[in-house]
Amino acid sequence: FVLWLGKPQPEAYGFLALLLLGATSAIIFAGAGVALSKGIGRPGLETAYTMVTLLLILVSKPVFIAVFGPLGSIASSAGSWSCGALFFLFLLHRKVDLPRNVISQTLSIFFFTLFASLLGWWGSAQLVWAVDWGRPQAAIILLVAAPILGTLYLGSLAMLGLISLAPLKK
């Protein structure tokens with residue numbers, strides 16, 4: 001389910017999905033690590049991550065565009081973000097002594113999030129096609145559904161033992 005403000009662009013769904021996958025993987029794999037590396041006085045780790053990601057984009061973008069056309073530009077960005085974030089995760093664990101279970105937990109959360117997102121996207125698409133809603137009704141549904149789905153998502157992560165809700169209880 002995408003709330004699109006302009007005229008309908010059916011081909012935009014695939015583009016948005018690729019960009020969402022790339023951005024989400026970068027946030028999940030590198031987000032907390034970047035803050036950690038800055039906090040412990042190791043900003044060079046983030047610099048290396050940024051440089052590798054930029055290099056991947058610069059190298060892959062012309063190749064992907066030549067092979068896949070406009071979709072290649074988006075695939076290059078999303079893939080570079082994901083690969084750069086995985087590189088950062090690898091670099092962080094080589095340079096900083098961190099518990100190994102953090103990697104498996106991060107990957108589990110990523111794949112669960114991917115599964116839940118695809119399930120939610122499919123389910124909302126079924127709902128949207130079943131009823132002819134306009135944009136105002138879709139916005140209202142999104143405002144009502146977001147807190148409910150967010151709560152279900154966090155509850156599922158907690159039930160699977162991937163996160164702890166203890167900090168929320170304080």
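Predicted model: local features only at pLDDT ≥ 70, side-chain atom pairs only at ≥ 80, totals over all residues.
Helix axes are lines fitted to C-alpha atoms over the stretch in contact, and the angles between them run from 0 to 180 degrees between N-to-C directions.

The overall picture comes first. The chain holds 6 helices and 0 strands, and its elements follow the order α-α-α-α-α-α from the N terminus on. Taken along the principal axes, the box filled by the C-alpha atoms is roughly 55 × 50 × 20 Å.

Two helix pairs, both involving helix 3, are described here. Two packed helices are described by the angle between their axes and the distance between the axes. For helix 2 (residues 43-68) and helix 3, the axes come within 7 Å and the crossing angle is roughly 155 degrees. Angles over 145 degrees count as roughly antiparallel, and helix 2 is therefore roughly antiparallel to helix 3. The crossing of this pair is right-handed. Sorted by class, the residues of the contact between helix 2 and helix 3 comprise 19 nonpolar, 8 polar and 3 charged.

Helix 3 (residues 70-95) also packs with helix 1 (residues 12-39), this time at an angle of about 20 degrees and with the axes 8 Å apart. Since angles under 35 degrees count as roughly parallel, helix 1 and helix 3 are therefore roughly parallel to each other. Their crossing is left-handed. The contact of helix 1 with helix 3 is made up of 20 nonpolar and 5 polar residues, with no charged ones.

Helix 4 provides the largest share, with 4 residues.

How values were computed: Residues numbered from 1 in each chain as written. Heavy atoms only, no water. Parallel < 35°, antiparallel > 145°, perpendicular 65-115°, else oblique. Left-handed = near helix turned anticlockwise from the far one by under 90°. Nonpolar A, V, L, I, M, F, W, Y, C, P; charged D, E, K, R; others polar.
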